[in-house]
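This report describes the pockets, the ligand surroundings and some backbone details of one protein model. Please look over the sequence and the structure before reading on.

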Amino acid sequence: MTASTTTTGRSQPVRLAGLGSYLPERVVTNDDLAQVLDTSDEWIRTRTGIRERHVLASDQATSDLALAAARQALDDAGTTVDQLTAIVVATTTPDHTVPGTAPLVAAALGTEVTAFDVNAACSGFLYGLRVGSSLLATGDDAVLVIGAETLSRIVNPADRSVAVLFGDGAGAAVLVPDERASLGPFDLGADGRDPSMLWAEAGGSRTPVDAEVLTGGSHFITMRGGDVYRNAVARMVASSQAVLDEAGVKVEDVDVFVGHQANLRILEAVGQRLGIPADNTHVTVDRHGNTSAASVPLALTDARDAGRLTPGDTVLLSAFGAGLTWGSCLLTWQPSGPARPAGTDGSGAAA
Ligand code: COA
């Protein structure tokens with residue numbers, strides 16, 4: 001099917017007032033995996049660009065990663081927990097089937113504000129940003145959007161076709177209304193006609209876990225890698241082009257492209273088809289692997305920490321994931337920190 005766009009949201013005067021990230025301490029290199037799987041550093045690097053990934057400890061869960069990233073984002077924003085009005089956690093690997101992970105993060109932060117999960121797989125953070133900016137448009141003061149994942153928990157460690165691809169981590173952003181910044185337009189879409197392209201078949205209401213599931217391993221992630229690859233490139237290109245067209249922004253005016261970090265070849269193919277110079281694409285997949293909904297906020301934080309974002313920069317975010325789901329948006333970068341009266345930060349950037 002030809003990739004087409006489905007949803008477009010207007011640009012909103014929203015600033016990412018703070019960013020935060022958390023990566024578990026344990027690093028697993030390709031050579032480590034080659035000790036236990038029939039694979040090699042060379043195969044993994046040339047097919048995916050991945051060199052290493054972080055893996056959570058046995059006593060950690062998704063909410064622990066989310067909490068660490070959230071605390072950092074709140075500090076960065078100069079926002080207190082009392083100022084938050086909502087928390088959105090994008091994850092496809094929640095702590096529990098019930099309840100959601102966001103209420104657990106909220107409790108750990110010490111707040112009872114609106115808190116709920118968004119599951120759009122690897123596109124989850126883009127969906128979370130859209131939800132967060134919509135909440136701000138209808139009266140929220142400060143929304144914490146987190147992408148947090150522990151894919152290592154739902155990957156069969158003995159399945160080399162997926163075990164080498166994923167990593168664990170979390171990234172977070174505090175969204176506040178700010179006329180000098182902008183978030184959007186958004187293009188989000190979903191095509192659920194062929195979920196088995198990338199899924200964990202069992203473990204939900206369609207096929208609850210039983211002894212047969214556990215023996216067969218159908219609660220683990222499986223995918224048709226080639227189909228996922230082709231769809232990822234087509235959807236991210238079409239979705240990115242849709243937001244550029246909607247915003248009237250030329251591709252040469254994109255200062256930094258932060259795409260979902262699934263595979264270096266996917267990022268390069270998307271960049272080439274859109275006409276974004278390779279130098280403008282920020283890459284973390286080599287160090288993080290595919291961290292699903294955490295990958296975009298982790299990469300955005302990494303780009304900021306690497307000094308790649310300057311006030312007024314146009315940043316293109318784009319992601320693709322199971323569902324299928326996809327999403328893109330533009331972001332006019334403004335430095336993090338508490339809101340300041342217009343004209344006092346010296347950036348001179350307009351919304
Ligand atoms: N190490 C060594 N060999 C491996 C391997 C591994 N980790 N995983 C698979 N192989 C083998 C396959 O068994 C196959 O062997 P065969 O030819 O004897 O059957 C061979 O390598 C080629 O497999 P193929 O699937 O054709 O490789 P590919 O070049 O298409 O790359 C992916 C596979 C998974 C890297 C690629 O399809 C991809 O990146 N897909 C997108 C995945 C993704 O990003 N998913 C998440 C999206 S959110």
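## The largest pocket

The element that gives the most to the lining of the largest pocket is strand β10, residues 198-200, with 3 residues; helices (H or I, at least four residues) and strands (E, at least two) are DSSP runs, numbered from the N terminus. This is a predicted model, in which local features need pLDDT of at least 70 and side-chain atom pairs count only at pLDDT 80 or more, while totals for chains, interfaces and linings use all residues. Residues are numbered from 1 along each chain as its sequence is written, and side-chain values use heavy atoms, with hydrogens and water left out.

The largest pocket holds about 1,100 Å³ of space, a volume being the space filled by probe spheres set on grid points that are joined across faces, edges and corners. Among the 38 residues that line this pocket, Thr92, Asn119, Ile154, Ala200 and Ala202 are the closest to its centre. A pocket here is an open set of points on a 1 Å grid over the protein atoms alone, where a 1.4 Å probe fits, with protein on both sides within 12 Å along at least five of seven lines, and its lining residues have an atom within 4 Å of a point. By residue class, the lining of the largest pocket divides into 17 nonpolar, 17 polar and 4 charged, where Ala, Val, Leu, Ile, Met, Phe, Trp, Tyr, Cys and Pro count as nonpolar, Asp, Glu, Lys and Arg as charged, and the others, Gly among them, as polar.

## The second largest pocket

About 530 Å³ of space lies in the second largest pocket, and of the 28 residues in its lining, Ser161, Leu165, Met223, Gly225 and Asn263 lie nearest the centre. Two or more lining residues come from each of α2, α6, α8, α9 (264-274) and β13 (314-321), with α8 giving the most, 6 residues. The lining of this pocket divides into 14 nonpolar, 10 polar and 4 charged residues.

## The ligand and its shell

The ligand takes up the space of the second largest pocket; a molecule is said to sit in a pocket if more than half of its atoms lie within 2 Å of the grid points. The ligand is surrounded by 20 residues, of which Thr39, Arg47, Arg160, Gly225 and Asn263 are the closest, a residue being near if one of its heavy atoms lies within 4 Å. At least two residues of this shell come from each of α2 (41-48), α6 (160-163) and α8 (225-247), and the largest share, 4 residues, is supplied by α8. The shell is made up of 9 nonpolar, 8 polar and 3 charged residues.

## Backbone details

Most residues other than glycine have a negative phi, and most peptide bonds are trans. The peptide bond from Val98 to Pro99 is cis, with omega near 0°, and Pro99 lies in the loop between β5 (86-90) and α4 (102-109). A cis peptide bond also joins Gly323 and Leu324, with omega about 0°, and Leu324 has its place in the loop between β13 and β14 (325-332). Ala121, a residue other than glycine, has a positive phi near 50° and is placed in the loop between β6 (114-118) and α5 (124-137).
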